[in-house]
Amino acid sequence: MNVRIEQGWREALAAEWESPYFGELAAWVRGEYARTRVYPPASRIFAAFDATPFEEVKAVIVGQDPYHGEGQANGLCFSVAPGVALPPSLRNIYTEILAEEGRADAPLPPDGDLSYLARQGVLLLNTTLTVEAGRAASHRGHGWERLTDAALQALAARRSGVAYLLWGAPAGAKAALIDGSRNLVLRAPHPSPLSAYRGFFGCGHFRAVNDYLIQQGKTPIKWLPEY
């Protein structure tokens, strides 16, 4: 399937690649790509693990499924391919960032490709890495969750001083995998239109992450693209 994974992540997840469940998952996923339309493009399945090297992760945002609309998913959670209209959750993420930066009246960025965050050390990880076109949650329960939980556990075990942004109940449950005494764990409602007004707006997560990074002598994250 011609996927790319950064060497540090290959090593951190070495036991998973060799596990029987992953072999079964990989075979099933190949079959789904052959049978029907699946997102993201096969070469982008592990894009999050390739775009942000293991040793360079400064923050983690945990998503759920890839977008299931035509041309949207690019392998990074909440991100869409360049030129694709902003999905509602991403619009709300940008809205919160602008508010935290004191620019609530500014226009939203026109592009939703979040690879600029991945390059700064933000791991944009969905818990399920593939989805059938038009069928949200269609690839849950086939093994992806075991792999992505292992990724979070490996990161939490081998790295400290990482900020985790967990939005919504499924992401919030991942806090059990993370040592909060060695890392920053932030939880809030999901940024979707159904829940953003219940506490995502005003959560202050983006400012809190940068304050945390600065305390460690690290470079803060530029949460918005140039536009």
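Aromatic pairs, a buried serine and a nonpolar core

Mentor: In this predicted model, the structure holds twelve aromatic pairs.

Trainee: Why is the pair of Trp-167 and Phe-200 called edge-to-face?

Mentor: The ring centres of Trp-167 and Phe-200 are 5.1 Å apart, and rings count as a pair if their centres lie within 6.5 Å. Their planes stand at 80°, and planes over 60 degrees apart count as edge-to-face, so the pair takes that name.

Trainee: What makes this pair a tie between parts of the chain?

Mentor: Trp-167 belongs to strand β5 (residues 163-167), whereas Phe-200 sits in the loop between β6 and α9, so the pair joins parts that are 33 residues apart in sequence. Trp-167 and Phe-200 are both buried.

Trainee: Is Ser-192 buried or exposed, and how do you know that?

Mentor: Ser-192 has a relative accessible area of 15%, and buried means under 20%, so Ser-192 is buried. Ser-192 is placed in the loop between β6 (184-188) and α9 (205-215), and, leaving aside its neighbours within four places in sequence, it is in contact with Ser-89 and Asn-92.

Trainee: Which residues have the most contacts inside the largest nonpolar core?

Mentor: They are Trp-9 and Phe-46, in a core of 77 residues. Helix α7 (residues 144-158) gives the most to this core, with eight residues. Leaving aside neighbours within four places in sequence, the contacts of Trp-9 include Trp-17, Phe-49, Phe-54, Ala-151 and Leu-155. Trp-9 and Phe-46 also belong to one aromatic cluster, together with Trp-17, Phe-22, Phe-49, Phe-54 and Trp-144.

Notes: Residues are numbered from 1 along each chain as its sequence is written. This is a predicted model: local features need pLDDT of at least 70, side-chain atom pairs count only at pLDDT 80 or more; totals for chains, interfaces and linings use all residues. Side-chain values use heavy atoms; hydrogens and water are left out. A nonpolar core is a set of buried Ala, Val, Leu, Ile, Met, Phe, Trp, Tyr and Cys residues joined through side-chain atoms within 4.5 Å. Buried means under 20% relative accessible area, exposed over 50%, partly exposed in between (1.4 Å probe, protein chains only). Helices (H or I, at least four residues) and strands (E, at least two) are DSSP runs, numbered from the N terminus. Contact means heavy atoms within 4.5 Å. Rings of Phe, Tyr and Trp (its six-membered ring) pair if their centres lie within 6.5 Å; planes under 30 degrees apart count as stacked, over 60 as edge-to-face and the rest as tilted.
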